[in-house]
Amino acid sequence: MKQKIGPGVIVGFIVILVWCLLPVAWIISLSFKSVSETTTGSAQFLPKSWTIQNYKDILSNGDFTDALRNSFGIAIIATLLSVIFATLAAYAIARLDFKGKRVVLSIALAIAMFPVVSLISPLFDMWRTFHLFNTWPGLIIPYMSFTLPLAIWTLSAFFREIPWEMEQAAQVDGATSWQAFRKVIVPLAAPGVFTAAILTFFFAWNEFALAISLTSTTSSRTVPAQMSFFVGPDPFNPPYSQLATAAVIVTIPVIVIVLLFQRRIVAGLTSGAVKG
Amino acid sequence: MAAIEMKNIVKQYGDGFPAVNDVSIDVADGEFMILVGPSGCGKSTLLRMIVGLEDITSGDMVIGGKRVNDLAPRDRNLAMVFQNYALYPHLTVYENIAFPLRLAGASNDEVDRKVRDASKTLELDEHLERKPGNLSGGQRQRVAMGRAIVRDAEAFLFDEPLSNLDAKLRGQMRTEIARLQRRLGITTVYVTHDQTEAMTLGDRVAVLKRGVLQQLATPRELYTNPVNLFVAGFIGSPPMNFLPATVEGSSVKLPFGTVAIPEEKARKAQDKGLLIAGIRPQHFEDAAVMESGKAAPGSTFKAKVDVVEWLGNEAYAYIPFEAPAEVQAQLLQLERDLDGDALRTQLVISLDGASRVQEGDEAEIWVDGSKIHLFDPATGENLTIDSSSAGTIPSDTSTQEVAEQQDAIATPGEQEAQAQE
């Protein structure tokens, strides 16, 4: 059914678009301005003279590329681990009746609500003792832990939606429990798995507080933390155009991933499984 | 292919709910066995115990001479069609049917040959590359059956496979299933709550009530010789009429008049006081349309017809009557057991399509006295049963005790939920 779009809807649409996209456009525009233009405090929205010098500079900056590598590595590994653990845990929560199920769920929720910042100093001490300070695992472990609860909750909701019969049918057809899980349940929960993966990846990709506190060199520092070191030679005149360029570059993977996964998050994947 | 033997199967849920009680059924190799009963009678639970999705509390499940109580579903080599089909929505029809073969590690050639074979049998050829979501109910049903027949399973198990289809399709698929089973000659256990499916499909039918086996017999035996009120009321459509009756000599006194019955039947029911007479609607007729010779063995009575439903080849006439309190209670209980909720006690009679009886008429009705069954109102037992042609009747079909246990644990709504799980 097609609904007629009134003028009010269009106006509202434009307002929301401007509200959301203006800062993005501003950053993109900044990234094409030359350093001299931003330091003089130019007020115009579009650059006077377009330049891609900022991109050349930042991509030849060894610290930045190292940070980019760290960001990708840490975010991807944390996402993979988080999704794998969350899938298994959520499946157990959705399907099995075991003692302490509620406790597991409430603890997971409690972790999700826990303010990350308050954990930084104990983690800092612990990681130094365990020699995890300034390493990839040192960031992967907390990222994974903080995203697990949300992933578990999302996925267990998806698993609950999958009819029991699917699994029973698979078992009758000759599947082991593991085969039934892998070949029937996981593909059906794919939208949930991708949702959880996206949320986890974004958290790990954007996280700043832990990244700045638990790292000391570019061997494990991620992009958000690295960007705070882009102060330039003059503390009163930070290189805005360079910062904007870095921001644009770190945003690109996020957009690519959303576009990529969006196709997988197709609603109604389970339609046709059972009647109704 | 294999025979399935159930020996004293009991299923008790964790809360003590007795879902299946001491049921023994033997399904011969190649036989089409129906498990039938109203909702909550344990028929689905029994089927799930055969396939291994439900643990067996006690008793032996023997398939092909091997005790399978402790085997996982995948080790029992049975094929099952679920009520809601349970197709894999992320796989094409082809891959859905191929699924069991792939799990068994069949080669691609073998998979292809068998899948094409099955799809030809079920006329699914043009749908092989589609996803289940794009199929109609009947097509999904056929895919579910394809997944079953593609394997060389020991037996087929059907869990109310037609209940999600509309009436017309249901009739077609019913015939299709019967044809398929005859052709493949495979042992089949089929669960349904629909007595028409039970009568038309089954070689033999097991009638269950509250997890207790009532009677195990051929459809004809069930129809002509029901063991008790429950079976009598469950089998046949429209259902059998139950009337208060007293036997005097060789005739039965009914609310409408006195009907002569055969000596032998009268003897069995002599001096039992108030009884319940069971007469099928088909054993009545409008005396006016009968040939004079045919009317001889029965009796006639006059009654005021309340409602007439004319269907062309036949007509149903409804005649209300008052039942005495002691029979009324039993009939109400029976109605509940059968999932019904009749508001009044009434006689349903099936008349010939040529009958001109109108609503409100005082019609002369003929009844075939030789087909009357007489039931003990206290136990529900059929007093006039011909046990030589009534199939297998378990020694104790009383559900009184079980019913009390079940009611103590769960309300009917919960039972329903339990049966669905």
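Biologist: What percentage of the 276 residues in chain A is buried?
Modeller: Buried residues make up 34% of the 276 residues in chain A; a residue counts as buried if 20 or more other C-beta atoms, placed from the backbone, lie within 10 Å of its own. This is a predicted model, in which local features need pLDDT of at least 70, side-chain atom pairs count only at pLDDT 80 or more, and totals for chains, interfaces and linings use all residues. Residues are numbered from 1 along each chain as its sequence is written, and chains are lettered from A and ligands numbered from 1 in the order in which they are written.

Biologist: How many helices and strands are there in chain A?
Modeller: Chain A has 13 helices and zero strands. Helices (H or I, at least four residues) and strands (E, at least two) are DSSP runs, numbered from the N terminus.

Biologist: What does the C-alpha trace of chain A span along its principal axes?
Modeller: The span is about 75 × 65 × 30 Å for chain A.

Biologist: How do the axes of H8(A) and H9(A) cross?
Modeller: The axes of helix H8 (residues 164-172) and helix H9 (residues 177-188) of chain A come within 9 Å and cross at roughly 155°. Axes are lines fitted to C-alpha atoms, for helices over the stretch in contact, and angles run from 0 to 180 degrees between N-to-C directions. H8(A) and H9(A) are therefore roughly antiparallel to each other, a term for angles over 145 degrees.

Biologist: Which residues of H8(A) meet H9(A)?
Modeller: Met166(A), Glu167(A), Ala170(A) and Gln171(A) of H8(A) meet residues of H9(A), among them Lys183(A) and Leu188(A). Ala, Val, Leu, Ile, Met, Phe, Trp, Tyr, Cys and Pro count as nonpolar, Asp, Glu, Lys and Arg as charged, and the others, Gly among them, as polar.

Biologist: Turning to the chain pair, how many residues of chain B are in contact with chain A?
Modeller: On chain B, 26 residues are in contact with 22 residues of chain A, where contact requires C-beta atoms, placed from the backbone, within 7 Å. H2(B) gives the most to the side of chain B that touches chain A, with three residues. That side divides into 17 nonpolar, six polar and three charged residues.

Biologist: And which domains does the assignment give for chain B?
Modeller: It gives domain 1 (4-77 + 153-222) and domain 2 (229-385), with bounds from an automatic or database domain assignment. Their C-alpha centres lie 32 Å apart.

Key:
Two residues are in contact if their C-beta atoms, placed from the backbone, lie within 7 Å. Angles under 35 degrees count as roughly parallel, over 145 as roughly antiparallel, 65 to 115 as roughly perpendicular and the rest as oblique. A residue is buried if 20 or more other C-beta atoms lie within 10 Å of its own, exposed if 12 or fewer, and partly exposed in between; C-beta atoms are placed from the backbone.
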